[in-house]
Structure formats: C-alpha cells, structure tokens
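Dear colleague,

Please find below the structure that I am handing over to you, followed by an account of what was found in it.

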Amino acid sequence: MSAGDDGLDEIQAIFFEECAEGLAIAEEGLSAMANGDVSADVIAGVFRAVHSIKGGSGAFGHAALLAFSHRFENVLDEVRAGRIAPTPAVTKVMLGAFDILSDHVAAAQGNSDAPADEAMLEALDAILKGEGAAAEGGAADPAPAPAVEDSAPVAEADEFGFVPVAAGVEDFDPFGFEPVAIDLEDLSPAEQQPWTVRFGPSRAALANGSEPLFIVRELETMGGRIVAVDSSALPGLRDLDPEDSYLVWTIELPGTVDEQDIRECFDFVSPDSVIDIARAAAEVAEVAVEAAVADAPPSPAAPIAPAAVAAAPAATPAPRPAATGEARAAAEPASQTIRVDLSKLDQLLNLVGELVIHGSILSDRLSPADQERVELPELSRLTRQIQDNVMSLRAQPIRQAFSRVPRMLRDLMAETGKKVVLETSGETTEVDKGVLEKIGDPLTHMIRNAVDHGIESPEERIAAGKPAEGTIHLSAEQKGARIIVRVADDGRGINRERVRAKAVEKGIISADAQLSDEEIDSLICAPGFSTAETISNISGRGVGMDVVRSNVEALGGRVEIHSTPGEGTTFIMALPLTLAILDGMIVRLGQQRFVLPLTNVIETVQPEPGQVKPTSPNSEVIELRGSYLPVKRVGQIFGIGANDRRSPEESLVIIVESEAAGHVGLMVDTIENRREVVIKSLEDNLHPIRGLGGATILGDGTIGLILDIDALVASTNHQSKYAMKGMAA
Amino acid sequence: MSKLILTVDDSASMRMLLKTSLTAQGFRIEGANDGVHGLERMHEVKPDLLITDINMPKMDGFELIEAVRGVPEFRGTPILVLSTEFSDEKKARAREAGATGWITKPFDATKLGAAIRRVCP
C-alpha cells in the first residue's frame with residue numbers, strides 16, 4: 001500500500017471519532033430501551049452503531065475490540081430480528097456490555113488497558129443460549145471465513161448430478177483432447193495431483209454482473225487450462241437464449257495450487273452454478289492429461305460467447321436517462337460532507353476576527369458619509385455573514401457531552417448505593433466545539449457532586465417523604481448568546497450552616513460576614529473550599545467545585561448554584577455560545593473603556609434626581625416605572641474611583657438582564673458606541689478575573705475589557721476585593 | 001483508463017481505508033455515505049464496480065443493490081458487498097437482490113484487490 005503510516009493514523013483517528021459518535025448513539029438507544037422504548041428504530045440504531053465499531057476495529061487490527069463488539073452485535077442482531085425479547089434483564093446486560101465496549105474503545109486508543117470482559121461475554125452468551133439459539137453458531141467465532149460458498153455449491157453439484165469428464169472431452173473433439181486412463185498407483189503424492197475443476201455457470205451467475213470469462217482467466221493465471229467443454233446442453237440457434245448459460249468447462253490446474261485459492265475464484269459465483277473442484281485421481285479415473293492439451297491453445301473466447309453476449313449491455317453505455325440530471329441537482333445539498341482539520345477552522349475564525357476588528361477601525365476613521373461612499377455598511381453585513389457561517393461550522397450538538405453521563409451515573413449508583421433517574425432535555429442545543437470539549441469535565445464533577453452530596457440514600461429519601469429514586473435533570477438551552485446547562489437534583493440541598501462554618505474555618509470569609517443564601521451557596525465554588533471533606537462522607541475524589549468554576553470561567557462562562565434545603569440543588573453553567581465574537585456596547589468609566597455584551601442590555605436610563613436611592617451604605621436601587629431595581633456602580637466594583645464621586649444624575653444606568661438576579665442597573669459614566677468585538681482571552685496572560693469575560697482590541701487600537709454581566713451582578717464588595725487580588729496576581 | 005469504483009459505506013474511516021488501499025492498487029475511487037447517496041452517485045459517476053456496505057442509514061445495502069439492478073444501464077455492473085455480516089441468510093438475500101459477490105470485513109487489501117479484479121479485471 002502506498003499510503004504511509006501517517007495516512008492510516010489519520011484514518012484511524014477518524015475511526016475513533018466514529019467510535020465516539022457510535023458509542024453516544026448506542027448509549028442513547030440503550031438508555032431509551034432501558035426506559036421502555038424498544039421500538040425497531042431504536043434497536044436498529046444501537047445495532048448499527050455497534051456494528052460500525054466492529055467493522056472498523058477489524059480493519060484497524062483491534063482484535064480485542066473486534067471480538068467483543070462481535071459478540072455484543074450477535075445479541076443485538078437477535079434482538080433486532082425479534083428472536084430475543086428486549087426484556088429489562090436483557091437490556092441491563094446490554095448496558096453493561098456497552099460499558100465494556102466503551103472501555104475496549106478506550107483501550108484500542110491506548111488510553112487504558114483492555115477491560116476484563118470474560119464475565120460479560122458469558123452473560124451475552126447466556127442470553128444467546130437462553131433465548132436465541134439461532135445465533136449460537138455465529139457467536140463462537142469472531143471472524144469466521146465465509147462459509148456459504150463452501151457448502152452450497154457442493155449441494156448444488158449433487159443436484160445437477162455428476163457428469164463424467166470424459167463426455168466433455170468427446171464432445172470437444174476438434175481440440176484434439178484425448179481421454180487417457182491413469183493408473184492411480186503411478187501418481188505422485190495426493191497433494192501433487194492436478195486439480196480438475198468443472199465449472200458450469202448458472203443463468204443467475206450471468207445475471208448479477210458476473211462474467212464467467214473472468215473466472216476462467218483467473219484460473220489461467222494460476223496455471224489452469226481448459227481441457228474440455230461440455231456443450232451438450234447447447235440448444236439450436238433458434239432456441240438459444242443469449243442470457244442463459246449452457247456450457248460446462250473442465251479446467252485443469254497444477255496440483256501445487258492451493259485448493260483455497262481455487263475456491264476463492266468462485267467466491268462470487270451464484271451457488272446454483274456447477275462448481276466441482278477435485279484432485280484429478282481422487283474422483284475421476286479418466287482425465288485429459290496435460291500432455292494432450294499442450295498443443296491446443298486455451299481459447300476461452302469462442303465457447304464463452306454466450307456469456308459475452310450477456311455482459312454486453314453492461315459494456316455499452318446506455319443513453320443517459322433524463323432523470324439523472326435532476327437526481328444530481330437534488331443530491332448535492334443533501335448529505336455531502338467534508339472533514340476539515342479543526343485548526344484550519346480556528347485559523348479562519350481568527351482571520352474573521354481580524355476582519356471584524358479592521359471593519360471597526362474603518363468605521364471609526366471614516367465619517368458616516370465616507371462610510372456610505374465606500375459602501376462600508378455592505379462590507380460589514382458581509383463580514384457578519386461570514387462570521388455567522390464560520391461559527392456554525394464549529395457548532396456541535398451538546399448531546400455528545402451529555403452522552404457520557406448515563407454511564408457515569410450507573411457507576412456512581414453502584415458505588416454509593418443510591419438510586420438516581422436521569423432526565424435530559426435540550427440535547428440538540430448546539431455549542432461551539434471548543435466549548436463542548438471543555439465542558440465534559442465540569443459536567444462530570446457537577447453530576448458527581450449531585451450524586452455524592454445532593455441525592456440522599458433511598459432510606460433517607462423515604463424517611464423524608466420522597467421517592468426512593470432521586471432524579472437528576474440535565475438540560476441545555478440557548479439563551480441569548482449563552483448556552484445554559486443545568487444539573488438539577490431533588491436531593492437534600494446545600495447545608496448552609498456547615499458550608500458557612502467551613503468557609504470561616506478556611507479563612508475564606510470572616511466570622512461576622514453577612515452573606516445571603518446565594519452567597520453562601522457559591523462559597524462551594526470558592527478556591528480552597530473542599531466540599532468533599534465538608535458535606536460528604538465520600539472522599540477520595542478530591543475534586544472541589546472551585547475547579548469546575550475555574551474551568552467554566554476559563555471558557556468565558558459562569559457557574560451558579562441555587563439550592564433549597566430539602567428540595568434540591570441546581571447547578572447552572574452559563575457558557576458562551578461561541579468563543580470569539582460578540583456584539584458589544586462600549587461604555588466608559590473614568591479613563592477605562594469596557595464592553596458590555598449587547599445581548600444582556602435591556603435599556604439605558606439617564607437618572608433623574610432622586611431616581612437612584614441608597615438602601616444601605618453599599619447598595620442602591622433605581623426606581624423605574626414603579627418598580628425598584630438594584631444598581632451596581634461598576635467603577636466601585638473594579639475600584640475605579642472616578643465613578644464613586646459622581647452623582648447618579650451625571651451617570652448613565654444601563655439596565656441589563658442577568659441570569660441570577662434578573663434585571664439590574666449598572667452605573668457607568670457614559671456610553672461611547674456599539675460595536676462587534678473579537679474576544680481575546682485574558683487567562684492566557686492573567687488570572688481569571690471575576691466580572692471580566694475577556695478583552696478586546698477596539699477600533700482605535702486600545703484595549704477594552706469585556707464585562708461578564710452575571711458575574712458582575714453576583715459580585716459583592718467582598719468578592720470584588722477577591723477579584724482585584726486576582727488581577728494583581 | 002483504470003477502473004472506477006464507487007464505495008458506499010456510512011463510515012468515513014472505512015471509505016478512506018478503501019480509497020487508500022485501492023488507489024494504491026491502481027483503482028479510481030468515488031465514495032458515498034448511504035444507500036440514497038450511493039444511488040445518486042451511481043448515476044453521476046457510472047462506475048465500473050460498486051462496493052457497498054449492508055448496514056447503513058436511510059437505504060441499506062440490499063435496497064441499494066435492488067435499486068441499482070433496477071436501472072437497465074447498471075444491469076451488468078458488478079456489485080460487491082463489503083460487510084462484517086457473514087450469515088448465509090444475508091448473503092443469499094444480497095444475491096437475490098443482485099449482488100455479484102460478498103467480501104467479509106475486515107478485508108485484506110491485496111485479497112480485496114484480487115476479488116475486485118475477479119469481477120472487474
């Protein structure tokens with residue numbers, strides 16, 4: 001093969017991607033089956049997924065994966081065929097088999113050792129034996145050689161009856177063959193006996209695009225010669241059907257040729273053909289010896305004429321059907337895909353980012369009239385379209401991240417003895433591939449946290465008047481420019497007293513700190529707060545929620561916790577829809593310019609005297625159409641002094657919508673502009689800073705910091721100090 | 001002109017593997033990712049040989065073979081099935097549908113080449 005290892009590695013990488021997709025589909029299907037949906041479509045989907053994994057595993061030489069997937073597939077095939085009922089017990093075994101299959105895939109990728117699968121193989125075999133005897137034969141051998149051609153032709157040959165070869169020789173006298181009697185005792189050892197092959201293609205053998213001539217030629221390349229043709233069945237010309245077959249050839253091959261090689265030539269010949277392969281002396285007393293044939297040129301062309309006639313329609317290009325053109329037109333938008341290296345997309349995304357920035361610079365430097373003259377608005381519109389398109393290239397359904405959860409839950413249930421039902425919704429929500437890849441771990445920790453700390457033991461739940469089975473609801477939805485992922489459990493809720501005590505003990509808060517419930521809940525995610533020691537008796541996992549928060553924040557996202565004692569806890573991950581570009585409102589605070597994501601902005605208010613009222617030394621509200629909204633001074637939060645001394649009347653209040661606190665007013669000095677900005681990560685160079693989602697280069701080349709509204713709204717003076725510490729570090 | 005082969009398989013890695021190993025043996029390869037797409041590509045590229053998988057979404061291999069055989073132009077085009085399935089029942093069904101031959105996955109590239117030349121030299 002001319003392709004180097006690199007080529008194969010690349011294909012193998014795609015195979016593993018397909019495995020991941022297949023596993024996700026299989027798991028989804030099996031979960032549906034476990035929940036009672038045993039429709040044919042679901043079962044077929046699982047079967048196909050496992051089947052594809054098996055197919056590729058063989059091609060890439062992953063023997064253990066091949067063997068296991070094969071046995072798994074056998075059971076699925078029986079279930080698919082309706083020979084084994086997908087009872088809960090059977091489905092349970094298959095879920096277990098799925099887990100092992102996942103492990104085998106991981107092992108094939110070199111991520112782990114091959115799992116112990118003997119017990120599971122026994123369980124699968126037990127299913128086959130117990131309820132599906134039909135599949136037993138197939139289950140024994142992971143990769144059996146094709147069997148049908150070996151047996152069927154023999155049976156057919158019997159039916160046709162054995163025609164002595166000598167007859168064929170007589171019929172074909174013109175070639176000068178002479179039947180020669182051979183004394184068995186004169187022959188060399190059996191394996192050296194020449195082969196005699198009788199081949200009489202059936203009508204069907206000509207119908208399926210087969211060409212017997214090719215087989216004869218292939219036998220010739222192995223040293224075979226036609227020694228006789230039985231044309232006794234050939235009718236008169238008037239009755240000759242050009243699509244039927246009337247001839248039986250006798251071909252002799254050297255005894256050194258392997259029988260298997262000869263049989264392989266007939267692999268594709270319709271089983272109702274005459275195919276008779278035997279050592280010359282073993283069955284036939286009279287053969288045409290090689291010497292007799294030597295002068296006769298093997299000339300298959302003439303006798304094969306009927307076959308050639310049959311094949312002719314294939315060779316002659318028929319007039320192109322008129323429908324073809326339409327079919328092509330309809331086909332193209334349907335399902336053509338191309339696989340592209342992700343780094344190329346990233347490059348494209350970066351370039352589009354640069355394009356957006358330069359568009360901003362242009363619009364800054366040109367007067368509105370000049371902008372119109374050079375048709376800048378049209379350019380901006382096109383840039384925007386390119387940007388949307390590039391973003392959509394990277395979008396993937398979040399299902400891929402969710403699909404890991406059921407298995408993890410099963411493991412956790414086994415580990416903890418708790419019973420949990422998983423509900424999911426919004427799996428089709430699309431997120432940027434970069435985001436998708438990075439939320440797997442936080443999601444894992446959130447689920448683990450919910451099971452470890454949230455869901456109570458069955459006894460405890462029953463005592464509390466709840467169903468013994470806990471429920472975790474995993475959902476995703478798009479809200480503005482954010483993807484909201486929720487992990488909601490119906491467990492015991494957060495024990496705030498203990499969390500607070502622990503936070504004091506760890507020096508995260510002072511003993512006299514006045515904290516709201518939400519603030520206490522969010523302490524779980526504070527650095528240095530190890531929940532594992534505090535709330536749970538399950539240790540050894542050692543993953544604090546602060547890791548979750550820092551991971552999510554590194555993505556430009558945010559974690560929130562809502563908890564009601566006795567009723568449950570909801571973890572919310574608010575993730576950026578895309579990683580790169582946002583519509584922003586440029587605001588000014590002192591000398592510093594900030595970017596507010598426009599999707600959060602509801603309205604802008606120029607406060608009248610008295611419209612902003614203090615409620616405590618640290619908090620203010622704005623009265624707006626009869627209701628009061630909290631107001632945050634952005635400058636104060638970031639320690640930018642200028643804003644502190646301003647009276648509200650000299651400032652602007654931007655009403656924003658936040659995930660946690662609803663509508664909130666943010667007080668800034670002034671609004672400068674509205675602009676698309678390219679988000680540049682701060683974390684590459686700095687600590688994550690609470691309240692800031694990143695930075696951008698503005699049209700004039702200066703830096704603008706992008707505000708993370710939700711983090712900002714949630715922040716208190718205490719947290720802002722933490723933020724500034726982070727900034728200093 | 002080297003022989004043109006259309007490979008129909010829902011697995012991209014399998015299509016690529018076929019393409020890599022068969023291109024190296026001097027064949028020209030086109031691909032399609034399911035039966036529906038495969039049938040459309042048949043009309044477009046008019047291959048010398050069709051190699052198809054059996055288990056595919058939308059239209060499986062059996063249906064594809066039947067559909068291809070239903071087109072007079074393709075009556076004599078050899079069709080090989082390349083599948084991990086190996087049951088006699090499935091093979092008989094494929095033959096009934098009009099398949100020329102059956103190759104069991106995983107395939108050995110050289111043997112696959114030989115098998116192809118057997119039906120399409």
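B:D53 is buried, because 28 other C-beta atoms lie within 10 Å; a residue is called buried if 20 or more other C-beta atoms lie within 10 Å of its own, exposed if 12 or fewer, and partly exposed in between, with C-beta atoms placed from the backbone. This is a predicted model, in which local features need pLDDT of at least 70 and side-chain atom pairs count only at pLDDT 80 or more, while totals for chains, interfaces and linings use all residues. Residues are numbered from 1 along each chain as its sequence is written, and chains are lettered from A and ligands numbered from 1 in the order in which they are written.

The loop between β3 (49-52) and α3 (61-69) of chain B holds B:D53. Helices (H or I, at least four residues) and strands (E, at least two) are DSSP runs, numbered from the N terminus. Leaving aside residues up to four places away in sequence, B:D53 touches B:V8, B:D9, B:D10, B:G61, B:L82 and B:S83; contact requires C-beta atoms, placed from the backbone, within 7 Å. An unreviewed UniProt entry annotates B:D53 as "modified residue: 4-aspartylphosphate"; such annotations may be inferred rather than shown by experiment.

Chain B has five helices and five strands, arranged along the sequence as β-α-β-α-β-α-β-α-β-α. Of its 121 residues, 61% count as buried. Chain A contains 30 helices and 24 strands, and buried residues make up 40% of its 729 residues.

The largest nonpolar core has 94 residues, of which A:V50, A:V75, A:I251 and B:L80 touch the most other members. A nonpolar core is a set of buried Ala, Val, Leu, Ile, Met, Phe, Trp, Tyr and Cys residues joined through C-beta atoms within 7 Å. Helix α4 (residues 88-108) of chain A gives the most to this core, namely eight residues. Apart from residues up to four places away in sequence, A:V50 touches A:A26, A:S69, A:F72, A:E73, A:L76 and A:L101. A second, separate core of 44 residues includes A:V405, A:I455, A:I484 and A:F571.

In helix α10 (residues 212-221) of chain A, the residues A:P212, A:I215, A:V216 and A:L219 are buried. Viewed down the axis of α10(A), the buried residues fall within an arc of 100° (taken from the directions from the helix axis to the C-beta atoms), so they line one face of the helix. Just after α10(A), A:G223 adopts a positive phi of about 100°.

Technical notes
Contact = placed C-beta atoms within 7 Å.
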